[in-house]
Amino acid sequence: MSLENLAAAVALVGLIAYAVFGGADFGGGVWTALASGRRAAEQREAIFRAMGPVWETNHVWLILVVVVLFTAFPPAFADLSTALLVPLVIALVGIVFRGAAFAFRHYGHVVEVGLPATNAVFSVASIITPLALGAAVATAASGNITIENGAVTSGLWEPWLQPFPIVCGLVAVAMCGFLTAYYMTTRASGELLEDFRMRGLIASLVLGALTTIALPVAYWDAEPFWDQVTDPVPLVVMGAAVAMGLASLVVLWRRWYLLAPPVAAGAVALVIGGFGAVQYPYLILPHERIADVAAGDSTLAAFLIALPIGALILIPSLVLLYVTFSEKTGGPSAEAEEYGY
Amino acid sequence: MFDTVTSARALMGMSLAFHIVFAAVGIGLPLLFLIAEGIALRTGDEHYRQMARRWARTAAVLFAVGAVSGTLLSFEFGLLWPTWIEFSGGIIGFIFGLEGFAFFTEAIFLGLYIYGWDRLSPRAHWLCSIPIAVSSAISAFFVISTNGWMNQPTGFDVVDGKPVDVEPLAVMFNKAMPYEVTHGTLASYVAAGFAVAAVYAFAMLRGQRSDYNKKALVLALAVAAVFAPLQVVSGDLSARFLAHNQPEKFAALEGQFESEKGAPLRIGGWPDTGDKTTRFAIEIPKAASLLGFEDPDAEVRGLNSFPQDEIPDARLVHPWFQAMVAIGVFMALVVVWFFGLAWWRKRIDTGRLLLLAVIAAAPLAFLAIEAGWCLTEFGRQPWVIYHVMRTADGATPREGIAWILMLFALVYVALAAGLALLLFREQRQPLKPLAPLRGGPNVP
């Protein structure tokens, strides 16, 4: 594999990791908004406890994707930023408010002082961020960005305010809710578990419906994307995504909870992997190929050497983090007892 | 309405001015709770464990704000400066990649530290503070080294306007890096030390002269005391570096318009760019030559000796420099005063004036960080990459950046207001007794 393809693969893996880990945190906001029934407060509380120790780490994957793009593909990063200015600004506002609301809420909990509306801010920001990011990623594959003589000529609004990017934005939101509900089934028990199981089943149906709708919308609205879908590799990956999605339904239906997180993560990874396969060998369909916008070999080599060295520190640390905080969050934690919440 | 370049600069400046506060706390605070919990572990003194716990939970919320505001910055590279990042991305990007790993490590161990008080053994818990402190300092090294590169760009050639033959190590270890990294990192420890000290000084000033408050004050000031004097030395070395390597910036920060042998050091004063002279300054004869070149008769190049479209605006550099130096000296004096008096009287003295000085030093420490960063950035103008790319040429072609500027101004105001309210309310909470350390030395 050439260096630039390897770098693009790293960006895709980073995006998948962001979706699989960070997506679940956004899903936490979705279910905070949709918490209902007698156990609404418990649902919110369980989600908050599960997210607390890990959300900032999960968030770093996004930064990794951005860094890979501007290091390995500087012209594409510049053009994507210019073309997607508005949805990226929306996503950034969402990211700032989501993170701040979460941190403020946790902190307020510990010190027993609250700020008004943190739940509402957290929920709204958690929904608009994946919506905007999903739309932005889809726009890059839609053919709606126009580039002439190396300069972006499409406007601020029309490339992404189109059916295909919007549907993909909704897919991203659904994915987040789907992941959270599935992950929470291993962390909840009793009636709370039933709540998350039901939410997981609904979310998987919604996600399935939206991804199914996305294909005809692509045919109708995003021709360059559609032209690439029909290649064998994307078809195989997307077929696998469909199979994994169906498997995820079965897993929750049969209450095989231990399988729920890996199957849900696998389904999401395959959907995004399929998206990447469609886009290959382009970064911006149909204008900028990976090979044409890659940085020099010395840059790519330095970057790709640094990655495994970093991973040597990263992976054991990540495992330590997730293992330490993987148990059920149903009962009150020692800290909760100590601080009386 | 501002034009695009002005708006982009204002937005980038605002974002960095906001982020730098949280970055500095994120570097400095972990060292403080590392030390406090270490003392608790060694001596079994519950007070130090209380401190570590309190500082860590404050660090958590500040680190979160730092993380999201830092994310904003990484996107702004492209949203505001696409031409700059298109050129620089392939050169300095890998440093941000390494910084990403440092950031990952910091976030992971901070999560373990903050949420792991009762899930990890006391020793394992304390050990988690080490990677937090180390990786935050390494992050500072990476991020500031890229700023060093923008001031002293090396490690690449330009062919057809594109960078080629990038030498990553030469880029990272650029000439400005040692000076900027040292100065920026030390500043973070000093500022965090004073910020924490001020909280307890304030409590003591209001009559809460408990043992706990006194111990916390001494510990935080001790950290500031180690780094504040070093910072004065590092500042001196940095100025000498600029005298030799970025003479325009040196001239601007000294308010030096005409080239002059035996140039005076100007304290205060206002650089009048119309008349090209610095007015109302107290001049110490030959001191600028001496400080810049270790020779009282050395020639200091003035701003007039450079092409006039390649010099910074001294009005945006000289005053910041004055503010930074004055605050730096003040902070060094405060710690000398505090610990000198303690040594002289053989006990910790916390007189009213001394406590007021400590409280004043905390906001000033952050003002000094902002001032130092402003002089670095304004002093490099009109270049975004010194002698390689002009700031105006790096900006986005998009219109309407002023709207985004206003939007984010509101976002930052909301964030700062929420945070201030939260921290203010927290300080009014009484201390709560902690459960005994599990397996710790104080368990009977």
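Mentor: Among the elements of chain A, the lowest mean pLDDT, 41, belongs to helix 14 (residues 334–339) of chain A, and the highest, 96, to helix 7 (residues 163–184) of chain A. This is a predicted model, and pLDDT is the predictor's confidence in each residue. Over residues 329–341 of chain A, pLDDT stays under 50, and the model has 17 contacts beyond four places in sequence for this stretch. Where pLDDT is low, the predicted coordinates should not be read in detail. For chain A as a whole the mean pLDDT is 90, with 94% of the residues at 70 or more.

Now the build. Chain A contains 14 helices and four strands. Its radius of gyration is 20 Å, close to the 20 Å that the globule rule gives for 341 residues, so chain A is as compact as a globular protein of that length. The C-alpha trace of chain A spans about 65 × 40 × 35 Å along its principal axes. Of the 341 residues in chain A, 60% are buried. Take the contacts in chain A between residues at least 6 apart in sequence: 80% of them join residues at least 24 apart.

Two local points in the backbone of chain A deserve a look. One is the peptide bond from A:Leu285 to A:Pro286, which is cis, with omega near -10°. A:Pro286 sits in the loop between strand 3 (282–284) and strand 4 (288–289) of chain A. The other is A:Arg255, a residue other than glycine with a positive phi, near 60°. A:Arg255 lies in the loop between helix 10 (232–253) and helix 11 (260–279) of chain A. Is A:Arg255 buried or exposed? The cut-off for exposed is 12 or fewer other C-beta atoms within 10 Å; A:Arg255 has 12, so it counts as exposed.

Next comes the partner. The contact between the chains takes 58 residues from chain A and 58 residues from chain B. On the side of chain B that touches chain A, helix 2 (46–80), helix 3 (82–115) and helix 13 (401–427) of chain B each supply at least two residues. Helix 3 of chain B gives the most, with 22 residues. By class, this side of chain B has 34 nonpolar, 16 polar and eight charged residues.

Chain B itself is divided by the domain assignment into domain 1 (20–174 + 399–444) and domain 2 (225–391). The centres of domain 1 and domain 2 of chain B, taken over C-alpha atoms, are 27 Å apart. Eleven residues of domain 1 of chain B are in contact with 13 residues of domain 2 of chain B. Helix 1 (4–43), helix 3 and helix 4 (122–151) of chain B each supply at least two residues of the domain 1 side. That side of domain 1 of chain B has seven nonpolar, four polar and no charged residues.

Chain B also has backbone points to note. A cis peptide bond, with omega about 5°, joins B:Gln381 and B:Pro382. B:Pro382 is in the loop between helix 11 (352–380) and strand 9 (383–385) of chain B. Phi is positive, near 65°, at B:Phe280, a residue other than glycine. B:Phe280 is in the loop between strand 6 (277–279) and strand 7 (282–284) of chain B. With 9 other C-beta atoms within 10 Å, B:Phe280 is exposed.

Methods. Residues are numbered from 1 along each chain as its sequence is written. Chains are lettered from A and ligands numbered from 1 in the order in which they are written. This is a predicted model: local features need pLDDT of at least 70, side-chain atom pairs count only at pLDDT 80 or more; totals for chains, interfaces and linings use all residues. The radius of gyration is taken over C-alpha atoms; the globule rule is 2.2 Å times the number of residues to the power 0.38. A residue is buried if 20 or more other C-beta atoms lie within 10 Å of its own, exposed if 12 or fewer, and partly exposed in between; C-beta atoms are placed from the backbone. Two residues are in contact if their C-beta atoms, placed from the backbone, lie within 7 Å. Ala, Val, Leu, Ile, Met, Phe, Trp, Tyr, Cys and Pro count as nonpolar, Asp, Glu, Lys and Arg as charged, and the others, Gly among them, as polar. Domain bounds come from an automatic or database domain assignment. pLDDT is the predictor's confidence in each residue, from 0 to 100.
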